[in-house]
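I am opening my notebook on a structure that is new to me, and I want to write down what I look up as I go.

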Amino acid sequence: MKLISAPMATLSHEAFRRLIEGFGGCDEYFTEMINAGSLLTMGPFEKFYIISECAPEKTVWQLTGNKTEAMIKASAVLARLSGVGIDLNMGCSAPQIANTGAGIAWMEKPIEETANLVRGIRAQIDKTADEEGLAHKRLSVKMRLGGEDWSEKSLLDFSKMLESEGVELITLHPRSKKEKYRAKPRYEMAEFLCQNLSIPIYLNGDIADAESAKYALSKAPSVQGLMIARAAAQKPWIFAEVKVALEAEKQNEATSNVHCAKTKIDLYETAMKFIDDVEKYQPPEFHKTRLQRFFAYYCHNFSFWHFAQTKLLNASDNDAVRAELGAYFDAQPSDRFIEVAM
């Protein structure tokens, strides 16, 4: 069973990948959305989106956009980079994305329009590899169930179209466009796709610990990967934790055996390392938002998480964040270390 780090805006960057790698890593890292138009013009920040130093062999470049031609051209740029492959974002339902014709809008357009996009990108990726002697790049799609009028038939028809046009993997977040994170994910729909397609299916949505991972697999036992999103920001060690739990269950072993030894994690040093890497791998203009997004989740490890979160999110700069972290753990020394089975 593969464990995958999800594409998350302002989170799935090089500093975040390095943090996860420090705890044993995961099988694949999907990057945050890379806008096709911006990549082609190569603005001042685009180079930071395509850094992949710590785990190039496990990186999946996620591409977004609303224009077929631009996305096809951008796929050639990404095809020249190291990594597993290119993923097309057809699942983001944020209004600022979907309303422009990107993200989940590709599931709502005439199916031939989306098929034309996928066909063109598949051909471009293969052409680039052939012409430049590069390794094959996998083409995948991350998507939802569809719009509010989705049905099993519409989901399967769309998925079969993707498969027929050369998509080699689908990641399903089993909620509809407007459900966002309110409704419970329909994990059984991932199993439905597994039984009706010949390509692998990854499952994404509400996987936050070992127990939720086991529950998801009980509903969709045929999926080949579990993708973890926001929980990885709270617990960058979650992939190691889930892996140990799944292996123990598979072997029918007690969680206290040698494979599940407790590891002590220093929350202060982990946070400080992340800040250092954000400074190294992100432009100064991004520092504040990247730290705010991370600490919005990471602070949930603390006893007084809301207090700490407020202090860190309102800190004026990186050094102020460091100072607030130091002050918190000086006041709450028992919070600094936690033990995790991994």
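**Entries on the core and the strands**

I began with L162 in this predicted model, and, leaving aside its neighbours within four places in sequence, I found L162 in contact with M90, V118, V141, M143, V167 and I170. I then looked up the largest nonpolar core, which has 106 residues, and noted that L162 is among those with the most contacts inside it, together with L88, M90, M143, F295 and L325. The largest share of this core, seven residues, comes from helix 13, residues 267–281.

Next I turned to strand 5, residues 85–90, where six of the six residues are buried, so the strand is largely enclosed by the rest of the structure. I followed the chain from strand 4 through helix 4, residues 68–79, to strand 5, and recorded this β-α-β crossover as right-handed. Strand 4, residues 59–64, runs parallel to strand 5 and is joined to it by four bridges, and I noted that Q62 stands opposite D87. With strand 6, residues 138–143, strand 5 is also parallel, here through six bridges, and G85 has R138 as its bridge partner.

Last, I looked at the whole chain, whose secondary structure comes to 16 helices and eleven strands. Its radius of gyration is 20 Å, close to the 20 Å that the globule rule gives for 342 residues, so I wrote the chain down as being as compact as a globular protein of that length. I also noted that 56% of the 342 residues count as buried, and that, among contacts between residues at least 6 apart in sequence, 73% join residues at least 24 apart.

How values were computed
Residues are numbered from 1 along each chain as its sequence is written. This is a predicted model: local features need pLDDT of at least 70, side-chain atom pairs count only at pLDDT 80 or more; totals for chains, interfaces and linings use all residues. Side-chain values use heavy atoms; hydrogens and water are left out. A nonpolar core is a set of buried Ala, Val, Leu, Ile, Met, Phe, Trp, Tyr and Cys residues joined through side-chain atoms within 4.5 Å. Buried means under 20% relative accessible area, exposed over 50%, partly exposed in between (1.4 Å probe, protein chains only). Helices (H or I, at least four residues) and strands (E, at least two) are DSSP runs, numbered from the N terminus. Contact means heavy atoms within 4.5 Å. Two strands pair if DSSP finds at least two bridges between them. A crossover is right-handed if, with the strands pointing away from the viewer, the path from the first strand over the helix to the second runs clockwise. The radius of gyration is taken over C-alpha atoms; the globule rule is 2.2 Å times the number of residues to the power 0.38.
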